[in-house]
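User: I am new to protein models and would like to learn how to read one. Please take me through it, one feature at a time.

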Amino acid sequence: MANWFNDFESRPLVGKDKIPWLVTVEFEIQSKYFVDNLKRLPQPDSATDAQLLASSQHCNNLIGWVEQMRIMGYTGLPGVIEDVLADEFGNRQLLADLRQTYTSKWLDGKAGQHKIGENYFTVHQGKFYYSTIHGEWFEVRANTIFDISPIFSHKADIPTTALLTAHHEPTRYQQIYTAWRLAGNSGKMLSAQFSSKSGQTTPEDVLEDTIKKLHIIVEQPVALEAIEQATAGKPNYLEYLIKISCLVADFAEHRRQSGEHTRYLLRYCAMFHEAQILLDIVKHEPTSHDQIYLGRQSLSSSLRDAGHWYVAQELLLLSLQKYPQ
C-alpha cells in the first residue's frame, strides 16, 4: 500500500480532458467489462421479453455512464470506448444499435400499460405514451424510456388521449400526487428550507441542519399548492421530485429493514442517509443511529483536488482486478 501510494503521489498532474485512458487501470478494467458484458447479452431473436427489456436498459445505462463521464470533463473517454467497440465488434455505435434492436423486438406486438425502468407507459400502435401526474398524454421517444424523465416528442391528439385514458390505471406517481392534493396540508415553504450552512462545514453540521428541517416538515406537512408555487418556473420539476423521492425512500427503507451497518460516502449518498433518518422519525423506529459518513478528508491526496476520490477509486479497481469474484 505504501509503495503504491508513493507511486500515485509521484504521477504527473493531468487534466480530465488529457487523461491517457489506454494506459490507466480504470480503462483496462472498464473496457474489459464492456467487452465481456456485451458478449454475454442474449441474442434478440431468442431472448424472452424480460431479457429484451433488461438488455436494452443495460445498454442504455452504459451509454448514460459514458455520457456522464464526458459531462464531468473526461472528454477523451467516449472516443476510446467507441474504438474498443469498433475493434471488438466492428461497430462504434454498438450500444445505441443494440438498445434500439432490443427495444424494437420487445415492442413488437405489445399493447397496454407497462412498467419500464422507473416509469409507466402505455403502448399503442407501436409507440410509447406517457401520462403525467396531471393526466396529460404524450408520445415518448423510444430511446428515452429508461430515463427518469423521458423526452416527449409531442402531445397526443384528442382521440388518442380518450382511447389511452379509457384503459389507464393511475400510476404510483399519480396516486401520490392525488393523495397529496386531497390531504389538505397547510404547511408553507419557508425560505430557511432552501438555505444551507455556508463556509466550511462538517458532516455533523449539515446533518444537524437537515434534521431540524425534517422535523418542521413532519410537524406541519407542506401543502401541495406551496410546492407548486415554489416550482412554478419548472413545470416538470414536481413530477421529477416525486419520482426521485420514491426511489430514495425505497432504497432507504430497504436499508432500514436489512440490518446493515451502512457507510455513506459524501456527498453522493447523503440523501439516502437523510431519507433513512426521516423514515425513522415518521415511523418512530430508530435504525440509523450507527450510520457514519466517509468524508472528503478521510482519503485525501496532498497533490490533487478531490484526491480522496482517485485514491478510493484506484484501490477499489485494483482490488477488483486482483479478486474479480
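User: In which helix is Thr210 found?
Analyst: Start with the naming: helices (H or I, at least four residues) and strands (E, at least two) are DSSP runs, numbered from the N terminus. Thr210 is found in helix α8, which covers residues 203-219. Keep in mind that this is a predicted model: local features need pLDDT of at least 70, side-chain atom pairs count only at pLDDT 80 or more, and totals for chains, interfaces and linings use all residues. Residues are numbered from 1 along each chain as its sequence is written, and side-chain values use heavy atoms, leaving out hydrogens and water.

User: Which is Thr210, buried or exposed?
Analyst: We sort residues by relative accessible area: buried means under 20%, exposed over 50%, and partly exposed in between (1.4 Å probe, protein chains only). Thr210 has a relative accessible area of 14%, so this residue is buried.

User: Now the whole protein chain. How many helices and strands does its secondary structure have?
Analyst: There are 12 helices and seven strands in the protein chain. The C-alpha trace spans about 65 × 55 × 35 Å along its principal axes. Of the 325 residues in the chain, 38% are buried.

User: Which elements do the buried residues of α4 pack against?
Analyst: Packing is read from contacts, and contact means heavy atoms within 4.5 Å. The buried residues of α4 are Leu77, Pro78, Val80, Ile81, Val84 and Leu85. They pack against α2 (25-40), α3 (49-71) and α5 (94-107).

User: Which residues is Leu53 in contact with, leaving aside its neighbours within four places in sequence?
Analyst: Those are Trp106, Ile116 and Phe146. Leu53 sits in helix α3 and is buried, because its relative accessible area is 17%. Leu53 and Trp106 are 53 residues apart along the chain, yet 6.8 Å separates their C-alpha atoms. In the protein chain, 63% of the contacts between residues at least 6 apart in sequence join residues at least 24 apart.

User: Which residues have a positive phi without being a glycine?
Analyst: Gln125 has a positive phi of about 50° although it is not a glycine, and His284 has one of about 55°. Gln125 is in the loop between β2 (119-124) and β3 (127-131); its relative accessible area is 69%, so Gln125 is exposed. His284 lies in the loop between α11 and β7 (292-294) and counts as exposed because its relative accessibility is 71%.

User: How many disulfides does the structure hold?
Analyst: A disulfide is a covalent bond between the sulfur atoms of two cysteines. To find one, we look for a pair of cysteine sulfur atoms within 2.5 Å. The structure holds zero disulfides. Cys246, for one, is in no disulfide: the nearest cysteine sulfur, that of Cys269, is 19 Å away. Cys246 counts as buried because its relative accessibility is 7%.

User: What volume does the largest pocket have?
Analyst: Rolling a probe the size of a water molecule over the atoms shows where empty space is left. On a 1 Å grid over the protein atoms alone, a cavity is a set of points where a 1.4 Å probe fits but cannot get out, while a pocket is an open set with protein on both sides within 12 Å along at least five of seven lines; lining residues have an atom within 4 Å of a point. Grid points are joined across faces, edges and corners, and a volume is the space filled by probe spheres set on the points. The largest pocket has a volume of about 1,800 Å³. Of its 37 lining residues, the closest to the centre are Leu214, Ile217, Leu241, Ser245 and Leu278.

User: Which element gives the most to the lining of the largest pocket?
Analyst: That is α10, with nine residues. The elements that give two or more residues to the lining are α7 (172-182), α8, α9 (224-230), α10 (237-258) and α11 (270-283).
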